[in-house]
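Me: I have a model open and want to learn to read its side-chain contacts. Where do we begin?

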Amino acid sequence: MKKKLIIGVSVAAITAMALTGCSSSRSGGSSSSDSIPKGSTIGVSLPAKTSQNWVLAKAAFESALKADGFKADVQYAAATNTVPDQQSQISAMIQKGDKALIIAAQDGAQLGTQVKQAKAAGIPVIAWDRNITGTKNVDYYVAFNNYKVGQLQGQALLDGMKARKSSGPYDIELFAGASTDANAPVFFDGAMSVLEPKIKDGTLKVLSGQTTFAQVNTAGWLAQNAQTRMSNLLQKTYSGNEELDGVLSPNDTLGRAIIQAIQQDHKTVPIVTGQDSETASIPLIMNGTQYSTIYKNTNEEANAAVKLVKTLSDGKKPATVIDKKNNYNGVKTVPAIELTPVLITKENAVKEYANNPTLEALAKAGAK
Ligand code: BGC
C-alpha cells in the first residue's frame, strides 16, 4: 500500500513537471556532446513538403545555423520514394562528416538503421517536430507540444459550433494525419481527450461511426486523400437532412481539402479546425470559412534546435523535459524541448501574428 502511494506520487510529480514544462533533466543526453566542433556542418533532413511549415523550415535552419557559426546542410526527402530517399540522405550526411543531425522524419519508424549509424559515428541525433520511433538512438526531441495542439483543436471545434448554434447535439466528423507520422496519433489523442466525453454524453454525434485513429487517419497527410474521404462521407452519411456541424481537421492543408469537398457538394461549410497557420488558410479564417488554426512559429522551432546544438557544442547540458505523453517513442521517452502552440481564430489572429509580418499582413487584410 505504502509502496503504491510513493509510486503514485512520483508519477503525478513527473506528469506535473512535464505539463508545466519547466522542469529540467540532466539525464538522457548525448554522450558525444563534445564532438560538435565550432563552425562544423550540421545535417538537417526534412520530409517531403506536405505542408507549408516544411517549406519554411529550410530558410529558418539556414539562417539560425549561420547565426550560431555553423554550416548548414539542409535536404528534403523527394515527393516520391520519400522514405528510402530520406534514409540515403541521412547515411550520406553521416559519411560526409556532418557533426550533428536534425531530423524531421517522413516515417518515424523507418530510421532505426540510420540513427544507429549516427550513434556509432558519435553524432548526436535531434528529432525535430516529428519523433523518431522504435529506437534508443535518438538523443533529443524538439517540437511544439503536440498533445496540446490536439487539445486546442478539440476545444476550438466545440467553441466554434457553440458560437453558431448554442446547444447540441452537434454532428461532427473526425480526421487525423498520417499513421507514419508519430505526431498524428498524439494530435488525435489530444483532441479526443476533449471530444470523447462529449461523444459519450451525447452532445456530439459522429454519424459515420468512424471514431478511431485507424478509421480516420489520412495516408501521407495528402490533401487528395482527405478530400476523397470527405466526399464519400457526404454521399454515404449526409445525403438527406443530416446537418454536419463540425469537422476536426488536423492541419490546414487537409482542412482546405475538406472544405473544398463540402463546397463541391453544395453544403454549408461547418466549423473546420486546422494547424500550421498556412498563408492559404488565413484569408479563409478571416472570412469565416475555416474556423481555426494553430500557430507554431517555424523560426522559433528551428532556433530551439540550433540553440540545442550550440549548447552541446559548448560542452553544456541542455535543459529538457521528460514528457511521456508527448515524447515516448516506443523504447524511451526522448528528452525534449517543448514549445507552446497557440490557437488562432479571427478574433486573435492580428494580435498573435504580430511577430510575423507575412501572417500579420494577411490577418490585417482579412480583418478589414
Ligand atoms: C507537423 C504538422 C504538419 C503535418 C503535415 C506534422 O508532423 O507537426 O505541422 O501539418 O506534419 O505535414
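Predicted model: local features only at pLDDT ≥ 70, side-chain atom pairs only at ≥ 80, totals over all residues.

Reply: E352 has a relative accessibility of 26%, so E352 counts as partly exposed. K351 is exposed, at 62%. The two form a salt bridge, with the closest N and O atoms 3.4 Å apart.

Me: How many salt bridges does the whole structure hold?

Reply: First the idea. Side chains of opposite charge can pair when their charged atoms come close. Here a search of the whole structure finds 13 salt bridges.

Me: Which parts of the chain does the salt bridge between D314 and K38 link?

Reply: D314 and K38 meet at 2.7 Å, N to O. They link distant parts of the chain, 276 residues apart. D314 is in the loop between α11 (298-313) and α12 (324-327). K38 is in the loop between α1 (2-20) and β1 (41-46). D314 is partly exposed at 31%, and K38 is exposed at 57%.

Me: Is D245 buried or exposed?

Reply: The cut-off for buried is under 20% relative accessible area. D245 has 11%, so D245 counts as buried. Its salt-bridge partner is K165, with the closest N and O atoms 3.2 Å apart. The pair links distant parts of the chain, 80 residues apart: D245 lies in the loop between α8 (223-237) and β8 (246-248), K165 in the loop between α5 (146-164) and β6 (170-174). K165 is partly exposed at 32%.

Me: On to rings. How many aromatic pairs are there?

Reply: The structure holds 5 aromatic pairs. Take F61 and W128: their ring centres are 4.7 Å apart and their planes stand at 70 degrees, so the pair is edge-to-face. F61 sits in helix α2 (residues 52-67) and W128 in strand β4 (residues 125-128), so the pair ties together parts that are 67 residues apart in sequence. F61 is buried at 0%, and W128 is buried at 1%.

Me: Why is the pair of F188 and F213 tilted?

Reply: Read the plane angle. Planes over 60 degrees apart count as edge-to-face, and those under 30 as stacked. The rings of F188 and F213 have planes at 55 degrees, so the pair is tilted; their centres are 6.0 Å apart. F188 lies in helix α6 (residues 183-200), F213 in helix α7 (residues 213-216).

Me: Which residues do ring pairs link into a cluster?

Reply: W54, F61 and W128.

Me: Which charged residues lie over a ring face?

Reply: Among them are two cases. K49 lies over the face of Y76, at 4.5 Å from the ring centre. R229 lies over the face of F175, at 4.4 Å from the ring centre.

Notes. Residues numbered from 1 in each chain as written. Heavy atoms only, no water. Salt bridge = Lys/Arg side-chain N within 4 Å of Asp/Glu carboxyl O. Helix = DSSP H or I, 4+ residues; strand = E, 2+ residues; numbered from the N terminus. Buried < 20%, exposed > 50% of the residue type's maximum accessible area, 1.4 Å probe, protein only. Phe/Tyr/Trp six-rings, centres within 6.5 Å; stacked < 30°, edge-to-face > 60°. Lys NZ or Arg CZ within 6 Å of the ring centre and 35° of its normal.
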